[in-house]
Amino acid sequence: MGYKRSYAVLHLGLLWAVLLVLCAVSFHAPLLAAGGVVVGAAGVLQANIYYKCPACGKKLPLWAVMPHFCSACGKNLRE
């Protein structure tokens, strides 16, 4: 999986996690809340594995906007 797809999966996973937890609170469904936590954790876990520079392999910052350049090697990430 490439870093761009990993970035998108991270944000979609976190969005679904928030939506599931909010629905769980609304409907008093603890199993749904647990599912939201699992989806969010899976999104963060895959990003820790795959969200890295394709040139040098350095991990990119998870909680920021996708950088334009790798801070380690200087590769342009927005090509």
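What covers the buried residues of α2? Part of the answer is α1, which is included in that cover.

Before the details, some ground rules. This is a predicted model, where local features need pLDDT of at least 70, side-chain atom pairs count only at pLDDT 80 or more, and totals for chains, interfaces and linings use all residues. Numbering starts from 1 along each chain as its sequence is written, and side-chain values use heavy atoms, with hydrogens and water left out. Helices here are DSSP runs (H or I, at least four residues), numbered from the N terminus.

Helix α2 takes in residues 30–50, 21 residues in total. From its first C-alpha to its last it reaches 30 Å, close to the expected 30 Å; that expectation is 1.5 Å times one less than the number of residues. Its buried residues are Gly 36, Gly 40, Gly 43, Gln 46 and Ala 47. They sit on the same side of α2 because they cover an arc of only 130° around the axis, taken from the directions from the helix axis to the C-beta atoms. Buried means under 20% relative accessible area, exposed over 50%, and partly exposed in between, with a 1.4 Å probe and protein chains only. The face turned away from that buried side carries exposed Pro 30, Leu 31, Val 37, Val 38 and Leu 45.

Next, the core. The largest nonpolar core has 11 residues, among them Tyr 3, Tyr 7, Ala 47, Tyr 51, Met 66 and Cys 70. Such a core is a set of buried Ala, Val, Leu, Ile, Met, Phe, Trp, Tyr and Cys residues joined through side-chain atoms within 4.5 Å. Helix α1, residues 3–27, gives the largest share, 3 residues.

Met 66 lies in the segment after α2 and counts as buried because its relative accessibility is 11%. Leaving out residues up to four places away in sequence, Met 66 touches Tyr 3, Lys 4, Tyr 7, Tyr 51 and Arg 78, where contact means heavy atoms within 4.5 Å. Met 66 and Lys 4 are 62 residues apart along the chain, yet their C-alpha atoms are separated by 8.5 Å. Tyr 7, with neighbours within four places set aside, contacts Tyr 51, Ala 64, Val 65 and Met 66.

Last, the cysteines. How many disulfides does the structure hold? The count is 0, a disulfide being a pair of cysteine sulfur atoms within 2.5 Å. For Cys 56, the closest cysteine sulfur is in Cys 70, at 3.6 Å, so the two are too far for a bond. Cys 56 is partly exposed at 39% relative accessible area, whereas Cys 70 is buried at 4%.

Key. Helix = DSSP H or I, 4+ residues; strand = E, 2+ residues; numbered from the N terminus.
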